[in-house]
Amino acid sequence: MLAKQLYSEILDFLKNCKQLLQINTEIDISKIIPISEKVIDFMMQSNDLNYYAINYYDEHDVFISHSANVAIFAVTIGIGMKYQQKELVNLCSAGIIHDLGIARVPAKASEKTLDKLSKQNNYFFKKHVTLGYDSVIKVNEQIERIAQIASLHHEKYDGSGFPNGLKSDKIDPLGQILSVADAYESLIHPRKQRDGRIPPLGIKHILQNRGNFYSKEILKALLDHISIYPVGVYVKLNSNEIGRVVGLNPDKPLQPIIKILYDSKGVKVKPFEINLGEEIQKKIKTCIPLKNK
Ligand SMILES: [Fe+2]
């Protein structure tokens, strides 16, 4: 199955959930399990879904693309941390459904610019976590666990998060992975009022301003497995060639593997890979940022 098809399947699932939630207060999300199993099988073999997580956002309905992307980033970290298949399926599912409650709050409170929301909208925004949890019919133990992991995505390691202000190891590790994936996805994609940061600046922002929100282990996993130049991001080299990151050198985070797409004059070429860990005269000059349309 192609990454594009699988990504579309996640988006369709979310659109369907959103429609159902607009007429119901509870929904059966059991179909998430086979979708997540396919995602995990695919991501064990290929980095291609990361291309979508880095480059795709839906400007008309950020909730949909954000949820899919968070799941992909969370699974990327989870695979790197060597979680077993069943827990990866739970993590992926929790990532996909983590913001379902957004479908049940007023539109004005659904944008994630918390500090800019009025007091009332801030209240509604924070409610999206429990509304999301309550919206899931707990048809079995696995779905219950998935809903619980999802309900942790705004908890912070230092206890400053919501809805319960849980601290340190009181937050399930999968919830902590979801929390950092949620923050990273929001930072690197555009929102109504701002452009997305390029991925290295997204990572830098988390390390500089939100270090206390995550355990050292989770921050290390973010750096090791998402990396400063994550798979999927477009970069320009000092040679002026343009390409896309397709692989990482874990011990050399600044020197990933690049698929070159344009030569130094901007002419499209037959794609070929270079490993910056080996071709040390070539370096990344800049990332090519996503812009608000
Ligand atoms: Fe959220």
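How many residues of domain 1 are in contact with how many residues of domain 2? Six residues of domain 1 touch five residues of domain 2, where contact means C-beta atoms, placed from the backbone, within 7 Å. This is a predicted model, in which local features need pLDDT of at least 70 and side-chain atom pairs count only at pLDDT 80 or more, while totals for chains, interfaces and linings use all residues. Residues are numbered from 1 along each chain as its sequence is written.

**The two domains**
- Domain 1 covers 3–225 and domain 2 covers 234–287, with bounds from an automatic or database domain assignment.
- Their centres, taken over C-alpha atoms, are 30 Å apart.
- On the side of domain 1 that touches domain 2, α9 (199–209) and α10 (216–225) are the elements giving two or more residues; helices are DSSP runs of H or I, at least four residues, numbered from the N terminus.
- That side of domain 1 has four nonpolar residues, one polar and one charged (Ala, Val, Leu, Ile, Met, Phe, Trp, Tyr, Cys and Pro count as nonpolar, Asp, Glu, Lys and Arg as charged, and the others, Gly among them, as polar).

**Helices α1 and α3**
- Helix α1 (residues 3–23) packs with helix α3 (residues 48–55) at about 55 degrees, their axes 8 Å apart; axes are lines fitted to C-alpha atoms over the stretch in contact, and angles run from 0 to 180 degrees between N-to-C directions.
- Ala-3, Leu-6 and Tyr-7 of α1 meet Asp-48, Leu-49, Tyr-51 and Tyr-52 of α3.
- Six of these contact residues are nonpolar, none polar and one charged.

Notes. Contact = placed C-beta atoms within 7 Å.
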